[in-house]
Amino acid sequence: MQELLHVIAVAHGRLPELRVFIQSWLNQTNSNWSMTLIHDGECPDFIALMNEPNYKHPSIKYFCTKTRHNDYGHTLRDEGLKQATGTYTLLTNGDNYFIPKSVELIAATVARLRAEGKGDPDVILFDMIHSHNNPGGRRQTPYNHFKVEFKPHCIDISSAVVKTEIAKKAGFRDRSHDGDQTYFRDIAEQNKDLTVAKINCTLLVHN
């Protein structure tokens, strides 16, 4: 049976943070998810971590790229999208973390909209706590609430799940710093009747 959510996570080092990230998924109250975790370049310590009993999980696949791309993880995201299998796909980084009810709330949103006869939304947004100073040009200090909207510089790749067939079609072609904004712009341009839903809760802590 197809899982609701496939998480594509990219990482380079920062293994203590990665432990917290993985644990945030193991803590989910709804287990209808899978994950592909990709490390940018060879890293024996990463492989050792993933083989620890606490982090070995049937829903988590992982691998290292043969060489380091060093392009904000964008090449890895593009590769991960090709492997996505869930109804929805989430792109994220291995130093973030998600609240324990993230999948539960996403599933509840899908179920509610189906019951209302509206069908499955193409994109589901949710708010986040953002770690940057003045994120998206907003005048705010780090680790404040960031209200997410489906428009440029008001969204992060980790603050939305996208129907997998739509995400795969868009791919991740932009290797620049603002590649996530290009990703969502491509999604919008390729799908003129795009349906967007919003969970008015904070599911993500962006680091």
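**Aromatic rings and their surroundings**

A: With a relative accessibility of 1%, W25 counts as buried (buried is under 20% relative accessible area, exposed over 50% and partly exposed in between, with a 1.4 Å probe and protein chains only). The model is a predicted one, in which local features need pLDDT of at least 70 and side-chain atom pairs count only at pLDDT 80 or more, while totals for chains, interfaces and linings use all residues. Residues are numbered from 1 along each chain as its sequence is written, and side-chain values use heavy atoms, with hydrogens and water left out.

Six aromatic pairs are found in a search of the whole structure. One of them joins W25 and F98 in a tilted arrangement, with 5.1 Å from centre to centre and 50 degrees between the planes. W25 belongs to helix α1 (residues 15–26) and F98 to strand β5 (residues 97–98), so this pair ties together parts that are 73 residues apart in sequence. Rings of Phe, Tyr and Trp (its six-membered ring) pair if their centres lie within 6.5 Å; planes under 30 degrees apart count as stacked, over 60 as edge-to-face and the rest as tilted. Helices (H or I, at least four residues) and strands (E, at least two) are DSSP runs, numbered from the N terminus.

Elsewhere, F150, F172, Y183 and F184 make up one aromatic cluster. The ring of F172 also has the charged end of R77 over it, 5.8 Å from the ring centre. The charged end of R138, in turn, sits over the ring of F146, at 3.7 Å from its centre. A charge sits over a ring if NZ of Lys or CZ of Arg is within 6 Å of the ring centre and within 35 degrees of the ring normal.

F150 and F184 from the cluster are also among the residues that line the second largest pocket, which include K151, D174 and R185. This lining divides into five nonpolar, three polar and four charged residues. Ala, Val, Leu, Ile, Met, Phe, Trp, Tyr, Cys and Pro count as nonpolar, Asp, Glu, Lys and Arg as charged, and the others, Gly among them, as polar. On a 1 Å grid over the protein atoms alone, a pocket is an open set of points where a 1.4 Å probe fits, with protein on both sides within 12 Å along at least five of seven lines, and lining residues have an atom within 4 Å of a point.
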